[in-house]
Structure formats: C-alpha cells, structure tokens
Amino acid sequence: MPWSDPRYSMLATFTVADKWFCHKGAFPAWHMNKSHWLGIKLESDIPDRLIGALVMESYNLIVAKLSKKIKEEMGLLKTQHQKAQIDD
C-alpha cells in the first residue's frame, strides 16, 4: 500500500488553500479539482486546531451548495412545521 498514513480531501476556498501549502502535510487533492480541493495528512505538521477549522470550513462550503430540499431532508433547514413550533 503506497500510503500508510491517513489522508483526506477537503473543500477549501482558493485563498485558504494557498495558505495551507506551507505545511508539509498539505497537498493538492488527488483526483479532485486542484483549485478547490486540498489534501491533508492527519499525522503531519498541521496542528489539530487547523485541521478542525478546515473541516468546519469544508463542511460549510459543501452545505451552502446543497439544494433547499436536500438541506431539509438532512435536517439542516427548519421546515415550516418546525418554524411554527418555535413561534408558538
């Protein structure tokens, strides 16, 4: 197996990805759009707090692109029924 350490791909804004390449554990994501996806090795020089921030940013960027219907199905949007319950 060529990679024994865990590697993950994260969606990142272009300006954020540029800042990450100063770390040895960051690289253009393999088989992904290199201007939007960043690869990281968990066991590297990247501090855990930065990996956590990247995970949150990646999640928020992906969720923002989902349709309203999918967001509702996943419980990421409040339905009209939920909004009515809050107002009561």
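# Exercises on a predicted model

Of the contacts in the chain with a separation of 6 or more, 47% are between residues 24 or more positions apart; contact means heavy atoms within 4.5 Å. This is a predicted model, in which local features need pLDDT of at least 70 and side-chain atom pairs count only at pLDDT 80 or more, while totals for chains, interfaces and linings use all residues. Residues are numbered from 1 along each chain as its sequence is written, and side-chain values use heavy atoms, with hydrogens and water left out.

## Exercise 1: the chain as a whole

Task: state the secondary structure of the chain and the share of buried residues.

Solution. 
- Step 1. Helices (H or I, at least four residues) and strands (E, at least two) are taken as DSSP runs, numbered from the N terminus.
- Step 2. The chain has four helices and three strands, and their order along the sequence is β-α-β-β-α-α-α.
- Step 3. Buried means under 20% relative accessible area, exposed over 50%, and partly exposed in between (1.4 Å probe, protein chains only). Of the 88 residues in the chain, 23% are buried.

## Exercise 2: the sheet

Task: find the order of the strands in the sheet and describe their pairing.

Solution. 
- Step 1. Two strands pair if DSSP finds at least two bridges between them.
- Step 2. The three strands form an open sheet in the order β1-β3-β2, with antiparallel pairing. β1 (7-11) and β2 are its edge strands, each pairing on one side only.
- Step 3. On average, neighbouring strands of this sheet are turned by 35 degrees against each other, direction ignored. Axes are lines fitted to C-alpha atoms, for helices over the stretch in contact, and angles run from 0 to 180 degrees between N-to-C directions.
- Step 4. Strand β3 (residues 37-41) and β2 run antiparallel and are joined by three bridges. Ala26 has Ile40 in β3 as its bridge partner.
- Step 5. Helix α2 packs on the sheet and touches β1 and β3; the direction of α2 makes about 50 degrees with that of β1.

## Exercise 3: helix α2

Task: compare the span of α2 with the expected value, then locate its buried residues.

Solution. 
- Step 1. The expected span is 1.5 Å times one less than the number of residues. With 18 residues (48-65), α2 reaches 26 Å from its first C-alpha to its last, close to the expected 26 Å.
- Step 2. Ile51, Leu54, Ser58 and Val63 are the buried residues of α2. They lie on the same side of α2 because they cover an arc of only 160 degrees around the axis, the arc being that of the directions from the helix axis to the C-beta atoms.
- Step 3. Arg49 and Ala64, on the other side of α2, are exposed.
- Step 4. Ser58 has a relative accessibility of 5%, so it counts as buried. Beyond its neighbours within four places in sequence, Ser58 contacts Met10 and Leu11.

## Exercise 4: a salt bridge

Solution. 
- Step 1. A salt bridge is a side-chain nitrogen of Lys or Arg within 4 Å of a carboxyl oxygen of Asp or Glu. The structure holds one.
- Step 2. Glu73 and Lys69 are four residues apart in helix α3 (residues 68-73), so about one helical turn separates them.
- Step 3. Glu73 is exposed, at a relative accessible area of 60%, and Lys69 is exposed at 57%.
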